[in-house]
Amino acid sequence: MILLRKSYFLIALPFMVISCKKEITPKKNESVKIDTVYSETTVDTTTSGTKETLLQKVDYAIWSMGNLEEYFLNKLSKATNKSQGNEIYEEYVENMENRIKNFNELEADFLAIYTNYYEPEKEQYIFPDSLQQHVDLLKNTELEFWEVGEGFVEIRYKPYHYYNMFKGKVTDDYEYFLKNEAKENTVLYSADAGILISPEDLGNRVLTWERFINQYPKSALLEVATKLYQEYCYDYLMGMENTRTIDYSDGDLESENETEFNRFMRKNPKSPTTKIIKAFLKQVNANPDYEALDKWAIKALNIQPVIIPNEP
């Protein structure tokens, strides 16, 4: 299943190494009014023109986001309570999402060939000078290149960016959410139709979001946390195509998953998830058929079908 993951990135320092056109570069020693957002909602993402033109566009996108970060940091410093901090966080995310999309579109050609330059013997990426410039633009920022499997790469925030920025300035439910989301985003969860973390680590993620639901039933983040719980729990029970929890040739649980289910139930006897695991195991014993178990798990976890709109 596909997790509802957002990839974010932000700049910690305001400008970079490639010079831009004068009309988009602040003058030296020019004071910037903090309460004014100087960056447009979008940036020019067309990749036509010279290599230098593209790098200028990337540089401007970075500078633009740095300006916007300064605006929100100033706004956050003026918040009089943590509920205002929550609102600023939501506004911040909304403002950055379009820029994240634009930034990845702008660097699409480079991202498409990024993994071609990995040197297995040296266990590192080695780029020609013409491409190293793209990498250098992200140095000294909160940006990183993130491999998501099957040769795909994206630019995103480093995992703890949001938590570090809003820690102590938002309500407990938001801080819990940001801290655990950051922790989870330090490793790649899945790729090539398989789960990459251990069954125990996945069980801990299930428990993390179960606890959020129980502790913060009135949180504005409850819907997102519930979907995370449902999707993690589904994967915990069923696995993915290349990491099934059951050997359907004989109907037996994979040994590492059986061991993990027993560990979870023993350690968390009062957990609602423990009840679901017990019911799931009964279903496995009664009818170890994938389609039947899939339907059962979706119903037990109250997972709503995803409706994909038709193309216009």
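Reader: What makes the link between the side chains of Lys101 and Glu105 a polar contact?

Author: The side chains of Lys101 and Glu105 are joined at 2.6 Å, and a polar contact is a pair of N or O atoms within 3.5 Å, where within protein one atom must be able to donate a hydrogen and the other to accept it, and residues adjacent in sequence count only if both atoms are side-chain atoms. The value of 2.6 Å therefore falls inside the limit. This is a predicted model, in which local features need pLDDT of at least 70 and side-chain atom pairs count only at pLDDT 80 or more, while totals for chains, interfaces and linings use all residues. Residues are numbered from 1 along each chain as its sequence is written, and side-chain values use heavy atoms, with hydrogens and water left out.

Reader: Where does Lys101 lie, and is it buried, exposed or in between?

Author: Lys101 belongs to helix α2, residues 82-106; helices are DSSP runs of H or I with at least four residues, strands are runs of E with at least two, and both are numbered from the N terminus. Buried means under 20% relative accessible area, exposed over 50%, and partly exposed in between, with a 1.4 Å probe and protein chains only, so Lys101, at 48%, is partly exposed.

Reader: How do you know on which side of helix α11 its buried residues lie?

Author: Helix α11 spans residues 290-300, and its buried residues are Leu293, Asp294, Trp296 and Ala297. They cover an arc of only 165° around the axis, which puts them on the same side of α11; the arc is that of the directions from the helix axis to the C-beta atoms. The face of α11 turned away from that side carries the exposed residues Glu291, Lys295 and Lys299. The cover over the buried residues of α11 includes α8 (222-238), β9 (246-247) and α10 (272-286). At the start of α11, a side-chain oxygen of Asp289 comes within 3.3 Å of the backbone nitrogen of Glu291.

Reader: What makes the buried residues of α4 line one face of the helix?

Author: In helix α4 (residues 129-136), Leu131, His134 and Val135 are buried. Seen down the axis of α4, they fall within an arc of 100°, so they line one face.

Reader: Why is the crossing of α7 and α9 described by an angle and a distance?

Author: Two packed helices are described by the angle between their axes and the distance between the axes. For α7 (residues 199-215) and α9 (residues 255-267), the axes come within 9 Å and cross at roughly 35°, where axes are lines fitted to C-alpha atoms, for helices over the stretch in contact, and angles run from 0 to 180 degrees between N-to-C directions. The contact, meaning heavy atoms within 4.5 Å, is made by Pro199, Glu200, Gly203, Asn204 and Leu207 of α7 and by Glu256, Asn257, Glu260, Arg263 and Phe264 of α9.

Reader: Is Arg263 buried or exposed, and which residues does it touch?

Author: Arg263 has a relative accessible area of 13% and is therefore buried. Not counting residues up to four places away in sequence, Arg263 touches Glu200 and Asn204. Arg263 and Glu200 are 63 residues apart in sequence and 8.4 Å apart in space, C-alpha to C-alpha.
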